[in-house]
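Biologist: I would like to learn how to read helix packing and pockets. Please take me through an example.

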Amino acid sequence: MDLQIAMDKQELYNEELLKSRKAKKFNLWLGMIGMFMMFAALTSGFIVYTASGVDKGIKTILPQVFIYSTAVIVLSSITMHLAYKAVKSAQLSKQKTFLLITIVLGIVFFFLQVEAWSVLFNRGITFVNSNASQSFIYIFTGLHLAHIIAGVLVLVRCYIGALKNIPLDNNIFRMELASIFWHFLDLLWIYIYVFLLLNQ
């Protein structure tokens, strides 16, 4: 009888856990759709403003450092995939290694973006600008960078969980959500960068 009660409790726990995980994944996708819609609205605003006069537009070549930051974030997406693949195979030491590399690459991306802002600022292109097209560069890259910071914090949480040897099932789920979010940030940056390139 006690064994049956224990089995029923375990089954109920598993059902609740499954529901909770589905809800978390749904919320993540909902959040990412919201983020993409926000950037889509901003790009629409940029296009409308730029079309309003010949004096509008970026009127400058994008800093070359953006190329390096693009390469870094693409590489970080690869290492994130390898970390997720490793944890699914229960290769925890590989997971930690690739996860740590991804975190470092995320930090490198942050500093490269700040360097790009420095290049723009030295050209006299500031956030407060009579040409809002140039201000949009800071808005696009700044909002994306805020999400990168959030992404790095998510990765750090995954890394701490791996160090603490949390249950493998929990570890895999955390990594799955982190991986989805990080790949999204990668694709979002490519979208922003290509858009700015086409409008420089």
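Biologist: Is the crossing of helix 2 and helix 3 left-handed or right-handed?

Modeller: This is a predicted model, in which local features need pLDDT of at least 70, side-chain atom pairs count only at pLDDT 80 or more, and totals for chains, interfaces and linings use all residues. Residues are numbered from 1 along each chain as its sequence is written, and side-chain values use heavy atoms, without hydrogens and water. The crossing of helix 2 and helix 3 is left-handed (the near helix is turned anticlockwise from the far one by less than a right angle). Helices here are DSSP runs of H or I, at least four residues, numbered from the N terminus.

Biologist: At what angle do the axes of helix 2 and helix 3 cross?

Modeller: Two packed helices are described by the angle between their axes and the distance between the axes. For helix 2 and helix 3 (residues 92–122), the angle is roughly 165° and the axes come within 8 Å (lines fitted to C-alpha atoms over the stretch in contact, with angles from 0 to 180 degrees between N-to-C directions). Helix 2 is therefore roughly antiparallel to helix 3 (over 145 degrees).

Biologist: How far apart are the axes of helix 2 and helix 5?

Modeller: The axes of helix 2 (residues 65–88) and helix 5 (residues 168–198) are 9 Å apart, at an angle of about 160°. Helix 2 and helix 5 are therefore roughly antiparallel too, and their crossing is left-handed.

Biologist: Which helix gives the most to the lining of the largest pocket?

Modeller: Rolling a probe the size of a water molecule over the atoms shows where empty space is left. Helix 5 gives the most, with six residues. A pocket is an open set of points on a 1 Å grid over the protein atoms alone, where a 1.4 Å probe fits, with protein on both sides within 12 Å along at least five of seven lines; lining residues have an atom within 4 Å of a point.

Terms used. Helices (H or I, at least four residues) and strands (E, at least two) are DSSP runs, numbered from the N terminus. Angles under 35 degrees count as roughly parallel, over 145 as roughly antiparallel, 65 to 115 as roughly perpendicular and the rest as oblique.
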